[in-house]
Amino acid sequence: MKGDKQAKTFTKTLLAAAIIAIGSGLTTGCAVNPATGTPDVVLMSESEEVRLGKEVHEELIANTPVYTDEKLQAYIEKVGNRIAANGDRPELKYHFTILDLPDINAFALPGGYVYVNRGLLTYLKSEAQLAAVLSHEIGHITGRHAVRQDAAKKGAGLLSIFTILSTGSWILTDLNNLWSSAAIKGYGREMELEADRIGANYLYRSGYDPEAMIETIGILKDEEKFHRALAKAQGRKGTSYHGLFSTHPRNDVRLRTVVKEAATLPPDYQGVSNEDQYREATEGVVYGVNYQMNVKQTPSDENRYTHDKLGFTLVFPEHWKIENRRSEIVGEPEQKDAKITLEIRLLKRPIAPTDYIRDEMNISLLKRSENFKQYGLVGHTGLVSSEDGLPDKRVAAFFQGRKVYLFTGSVEKPKPGVDYDEMFIRSMKTFRPALPRARLPDAKRIHYVKANENTTFAQLARYTRLGRYSEDLLRLINGYYPRGEPKPGEWIKIVK
């Protein structure tokens with residue numbers, strides 16, 4: 001009992017020291033959240049938050065194509081700055097970037113950085129819906145969601161607190177984690193709901209109808225529903241915009257509640273929609289893929305995988321299925337007797353590939369260990385003993401600037417007479433950076449036309465180069481999925 005009491009006293013002393021150190025030696029400690037008015041425990045000042053956002057932004061822009069359309073960029077900035085001026089952190093300098101990606105996504109990074117994928121813009125119908133997307137993302141920034149999430153993670157254990165205090169280098173070590181979390185996974189359901197509440201308030205303050213938040217998520221949910229069904233039919237996993245909920249937003253009680261609470265609208269309040277302005281700004285915007293990697297094919301390239309966004313290419317064994325998951329690319333045969341995975345990480349500090357495998361991958365013993373160079377990359381590879389008598393794993397680390405590509409070949413159910421390691425090495429040796437992106441000369445573009453009494457989506461689909469699902473895709477970008485027809489005189493989008 002005495003020992004337990006002494007231990008508790010010692011722990012309290014350590015915690016008190018940590019809290020004092022955080023309050024005085026670090027930055028903010030406990031601060032009032034500007035968007036919610038509630039106290040937050042944060043380990044980052046506003047200047048550090050801006051610096052972090054700028055560093056992640058530069059890393060992102062160096063590796064992601066930006067859509068170059070001066071008219072559309074100016075329009076996005078005008079709407080975004082209108083929302084930001086009516087937000088809770090108007091003193092921040094906001095940066096709005098259109099990424100030249102066909103995916104349906106938008107996200108925010110600390111310090112005022114907001115990104116909208118070009119693909120998302122083709123699904124929206126009005127300025128109010130664009131404002132809903134931007135206000136949601138600005139809500140993440142004013143609510144300091146990345147900062148709060150990082151503080152909670154860093155404060156999870158006493159050891160991590162003292163690590164932060166002693167090194168002061170944690171900001172740089174989490175660039176990749178913050179980027180992947182914000183862009184792909186979102187900030188979690190509670191923070192997404194909070195961003196909707198905050199964003200709906202900003203919509204009201206800026207003269208838009210807060211209901212545009214629900215309209216927008218409804219459009220995106222329809223797109224997710226279609227692609228999930230399509231992915232299921234093709235035997236793969238579907239992806240979705242990170243802010244969507246498991247239930248449809250029109251029926252999501254919590255979502256409707258937070259939007260309703262955001263602002264009590266006066267009886268005569270009429271928020272602007274500005275459909276005409278949005279139509280003018282988005283006329284001619286590219287639809288779908290706008291570029292491709294220049295990859296020289298060889299006779300052995302039947303199963304080459306090229307990652308357009310990250311700029312690398314790799315040949316998997318013939319007939320293997322390849323899946324791009326959230327945190328890794330996985331290739332495996334139908335029998336699932338073996339597997340190749342490729343992970344992408346950010347190099348935290350100058351270190352040799354062999355040391356990276358030992359220190360970061362926690363592999364102390366590497367058999368047949370050797371350095372190698374290929375296609376301008378440096379790397380290290382070797383074998384790791386597997387458990388349960390399975391063949392050794394082949395691991396390799398490739399360095400390309402600050403990126404680290406981790407290659408692992410493993411065997412699950414070995415077949416007799418198969419040299420798995422030779423197969424892994426053959427695939428590993430095909431890994432290389434892809435050549436610079438090439439814009440497609442005949443990219444498809446969005447155009448607007450007025451429907452008449454004879455216009456149907458089935459009819460329009462016959463003249464649209466969108467493949468087998470042309471009618472469904474036209475319905476999606478016009479907000480008529482899965483059924484319904486355009487009304488005479490209504491402006492609708494076509495693709496040509």
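Start by selecting Asp421 and Arg394: they form a salt bridge (a side-chain nitrogen of Lys or Arg within 4 Å of a carboxyl oxygen of Asp or Glu), with the closest N and O atoms 2.9 Å apart. This pair ties together distant parts of the chain, 27 residues apart, with Asp421 in helix α15 (residues 420–428) and Arg394 in strand β15 (residues 393–400). Helices (H or I, at least four residues) and strands (E, at least two) are DSSP runs, numbered from the N terminus. Both partners are buried, meaning under 20% relative accessible area, where exposed is over 50% and partly exposed lies in between (1.4 Å probe, protein chains only).

Before you click on, note that this is a predicted model, where local features need pLDDT of at least 70 and side-chain atom pairs count only at pLDDT 80 or more, while totals for chains, interfaces and linings use all residues. Residues are numbered from 1 along each chain as its sequence is written, and side-chain values use heavy atoms, with hydrogens and water left out.

Stay on α15 and pick Glu422 and Arg426. Their closest N and O atoms sit 2.6 Å apart in another salt bridge. The two are 4 residues apart in the helix, so about one helical turn separates them. Glu422 is partly exposed at 39% relative accessibility, and Arg426 is partly exposed at 47%. Now highlight Glu46, Glu49, Arg89 and Arg144, which salt bridges with shared partners join into one network.

Next, select Lys336 and Glu332, whose side chains meet in a salt bridge (3.0 Å, N to O). How accessible is Lys336? Lys336 is partly exposed, at a relative accessible area of 46%, whereas Glu332 is buried at 16%. Searching the whole structure turns up 21 salt bridges.

Last stop: α3 (residues 70–85) and α13 (residues 275–282), whose axes come within 8 Å and cross at roughly 145°. Axes are lines fitted to C-alpha atoms, for helices over the stretch in contact, and angles run from 0 to 180 degrees between N-to-C directions. Lys71, Leu72 and Tyr75 in α3 meet Gln277, Tyr278, Glu280, Ala281 and Thr282 in α13, contact being heavy atoms within 4.5 Å.
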